Amino acid sequence: MATSNNTNSNNSSISSGTTTPSITNGSETATAGTPLAEFLQQLEDYTPTIPDAVTGYHLNRSGFDASDPRVVRMISLAAQKFISDIVNDALQHCKMRGSGQSSRKVGKDKRYTLTMEDLTPALGEYGINIKKPYYFT
C-alpha cells in the first residue's frame, strides 16, 4: 500500500491495514478521539438532574452492571434529555390547547400545569401509550 502525504488539514495515516483519521493543526496532530475525550471530561464535571445513584439503581434492576461511572452519567444525561423533550412537547400541547382561551394575566408570566391531557399526546409521539384508569374518567 502506498500512502501520500497531503498538506490538507484532514490526513489519514495507514498502519497495519487500518485507517485512523487525524487532523493536522499547525505542529499539533489531533486524532478523531479527541472530541470524545473532551466530552468525557466535561461529563465528569457535569451534574445531571437525575442522580447517578438513581440511574445506577434502575440499571441494576434491569440487569445492566455498569462499573464505569461515566457510563452511568451518560445514561443519566440521556434520560434527562428524553424527559426534557417529553415535557417540552407537553408544554407545546398545553399552549396550543390554551391559545383559544382569553388571557386574564396580561402583565405577568402565565403559569402552566402539567396534566395528563397534555402529557398523553406528547408521550404518544415517542411511542408510549398511556390511558387513564376507568375510575378517573
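## Exposure of Phe-82

Phe-82 has a relative accessibility of 35%, so this residue counts as partly exposed. The category applies because partly exposed covers values between the buried limit, under 20%, and the exposed limit, over 50%. The model described here is predicted. Within it, Phe-82 belongs to helix H3, which covers residues 69–98.

## The aromatic pair

One aromatic pair is present in the structure. Its members are Phe-82 and Tyr-126, whose ring centres lie 5.5 Å apart; the ring planes meet at 80°, so the arrangement is edge-to-face. Plane angles over 60 degrees count as edge-to-face.

Because Phe-82 lies in helix H3 and Tyr-126 in the segment after H4, the pair ties together parts that are 44 residues apart in sequence. Tyr-126 has a relative accessibility of 34% and therefore counts as partly exposed.

## A nonpolar surface patch

Phe-82 and Tyr-126 also take part in a nonpolar patch on the surface, together with Ile-83, Val-87, Leu-114 and Ile-128. The accessible area of these residues together is about 500 Å².

## The nonpolar core

The largest nonpolar core consists of five residues, namely Ile-86, Ala-90, Leu-119, Ala-122 and Leu-123. Helices H3 and H4 (116–124) each contribute at least two residues to this core. H4 provides the largest share, with three residues.

Ile-86, a member of this core, touches Leu-119, Ala-122, Leu-123 and Tyr-126 when residues up to four places away in sequence are not counted.

How values were computed
Residues are numbered from 1 along each chain as its sequence is written. This is a predicted model: local features need pLDDT of at least 70, side-chain atom pairs count only at pLDDT 80 or more; totals for chains, interfaces and linings use all residues. Side-chain values use heavy atoms; hydrogens and water are left out. Patches are made of residues with over 30% relative accessible area and no salt bridge: like charges are joined within 9 Å, nonpolar side chains (Val, Leu, Ile, Met, Phe, Trp, Tyr) within 5 Å. Accessible areas come from the Shrake-Rupley method with a 1.4 Å probe; for residues, only the protein chains shown count as cover. A salt bridge is a side-chain nitrogen of Lys or Arg within 4 Å of a carboxyl oxygen of Asp or Glu. Helices (H or I, at least four residues) and strands (E, at least two) are DSSP runs, numbered from the N terminus. A nonpolar core is a set of buried Ala, Val, Leu, Ile, Met, Phe, Trp, Tyr and Cys residues joined through side-chain atoms within 4.5 Å. Buried means under 20% relative accessible area, exposed over 50%, partly exposed in between (1.4 Å probe, protein chains only). Contact means heavy atoms within 4.5 Å. Rings of Phe, Tyr and Trp (its six-membered ring) pair if their centres lie within 6.5 Å; planes under 30 degrees apart count as stacked, over 60 as edge-to-face and the rest as tilted.
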